[in-house]
Amino acid sequence: MMQPNQTRSRAQESRAAVQRLYIAMRHLLIRGSYKPGGMSGKTLLDNLMILRPEIYGSITDQERVELNGLHYVFQRLPQGIEECRFIRLITREGYEHSHFEPIVPPKRRRNAYRIDVLEMYIEMTRGRSDIYDILTHLTFLYAEASKIYRNSLDSKGRQKREWRLLAEIVEHEKKGEEFKVETAYTYLSTLLGRTYDEIVHACRRFAEEDMVNSLFHITYWLGQMAKDEIESDLDREISFSSSLREKTGHHYYGELWAAAVKETLLERGLIERPLHIVSANLHSTMNALFAPAATAQKLRGSRSVFDVARALSQPEHRPLRQVVTNMALKNGMTELIDTSGSNIGVQIFDTAACDPKLISAELNFAAAANPDTAPVILVMDYAFGEQAYESMDELLRPYHVPGSDKVYDMPVESINIMGKAGILEGIKGDLMIPDAHIFEGTADNYPFSNDFTAERFENHGLGVYAGPMVTVLGTSLQNRQILEYFVESSWRAVGLEMEGAHYQKAIQAATHIRKSVNPDLRLRYAYYASDNPLVTGHTLASGSLGVDGVKPTYLITVEILKSIFQS
């Protein structure tokens, strides 16, 4: 009996493309190098074209260059990378002690070093997810560079006049000389295949970034690198240092980071006190605790945590942020400056050293009758993808004091994860309360009992959605079909993020297998929506939440702190 032909759905094709990308990038990391214009680079590009991620917009269009995607990517790549033919991914290998000036992208905490006019070294210390993230972005860049090159040629394969004039404009810009901006916009319109209005808007967005070159500069150099490769056989190359290949996946930086945290807890006599771990940004907990009291004289009309947080988010009140930090440091807060290379900052709050009169009233804080039982709050900055497993796994391990037989189990009472995520039903700023994490591309799933419920966050003017969250391999590897599958199928997912399954894997190992921490500890997960990738104009490439992110961020923070103080 003949089997009927079955065509795969777009969702199935897309999931297969994600898997092939994941496997190909892992293979290239092991191999040590590849050329974006060669067969390996073509494999990545072909699968990215099949996937057509939402964040890369019009990547499959043969003429139109994706402007929002370029802006998003260049916020996360080191300044000047468009000029480099050779890119080498490394670990922390001593360049921080050299005379090379570190280049740090606005939206990614990673150091890069411009070795010469053609070569860039980029530190990868946050695990495989960080490596896959940058390789995906570079693949997108090379796809757009090819479009720019094609748009620079006329029907007979000759350079268009607009390309030659753009080169002159870039030279004027480099020398700080004036040029006719509106004329330059017109040249870009031809070379990028976009309308004049779109070019003006995009150029202004790029100009607002401190560590990103102008769109004129980026367009010229992307096109020039593609031109050199196609016309002069000057191949671009991406390579991985031997140290990076050896250390990736072995918790090298996570172990150093966790040891420094535990050493600080020991030095301050806190390592046997009830510990509450909070994964969040490094301002919301401190501000929720101390900002109303610290700014009472300056912000007389702002008394609640939310009012003060919104005021502090404004540029004119930037100096007050240090006032809050100073009060926190005098009331039990310790800041750990990361030197491990993990790029995860830490704040430790000893609540026994806090003056109750200075703590925000809405947190319901009361001093512990016995200082030895007063909670210690450890706030760790956001991890990145697989780094979440590495950092949490090492943090929950017992601490073996160097040079001693003394061993301390970590007395963890609660783990609280506040994250930003893509929402699949609501809008930017809404909340997601998960009851399980589904790891995309695998059969791994992690149901858990969340101490938070959707009802707890209702009646605050925000949408609240409860259900499973999808932990994705990368924010830039999602498309509409994959996301609609997770929403509309029996998974009934409410959002996507990059760390949840990794955190939960480490937590379950520590509580149920190693039994190194309290198996009955409280778990609290809550996410706020930074984007909705299913809604045009609401993807991450459309820009950040800005002030609109204050309310959901601090609502979750306040509920975390109230839960800790009530336990």
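These exercises work through the cavities of a predicted model.

Local features need pLDDT of at least 70 and side-chain atom pairs pLDDT 80 or more, while totals for chains, interfaces and linings use all residues. Residues are numbered from 1 along each chain as its sequence is written, and side-chain values use heavy atoms, without hydrogens and water.

**Exercise 1.** Count the cavities of 30 Å³ or more.

Solution. Start with the rule. On a 1 Å grid over the protein atoms alone, a cavity is a set of points where a 1.4 Å probe fits but cannot get out. Points are joined across faces, edges and corners, and a volume is the space filled by probe spheres set on the points. The count is 5.

**Exercise 2.** Describe the largest cavity and its lining.

Solution. Take the volume: about 90 Å³. Next, the lining (residues with an atom within 4 Å of a point) has 14 residues. Closest to the centre are Thr125, Gly127, Lys247, Thr248 and Tyr253. Then assign elements, with helices as DSSP runs of H or I, at least four residues, numbered from the N terminus. α9 (242-247) and α10 (252-267) each give two or more lining residues. Finally, sort by class: 5 nonpolar, 6 polar and 3 charged. Here Asp, Glu, Lys and Arg count as charged; Ala, Val, Leu, Ile, Met, Phe, Trp, Tyr, Cys and Pro as nonpolar; the others, Gly among them, as polar.

**Exercise 3.** Which helix supplies the largest share of the lining of the second largest cavity?

Solution. The volume is about 70 Å³. Lining residues include Ile81, Glu82, Leu138, Tyr142, Met225 and Arg236. α4 (128-151) and α8 (215-232) each supply at least two. The largest share, 4 residues, comes from α4. By class, the lining holds 9 nonpolar, no polar and 2 charged residues.

Key:
1 Å grid on protein atoms, 1.4 Å probe; cavity = no way out; pocket = protein on both sides within 12 Å on 5 of 7 lines; lining within 4 Å.
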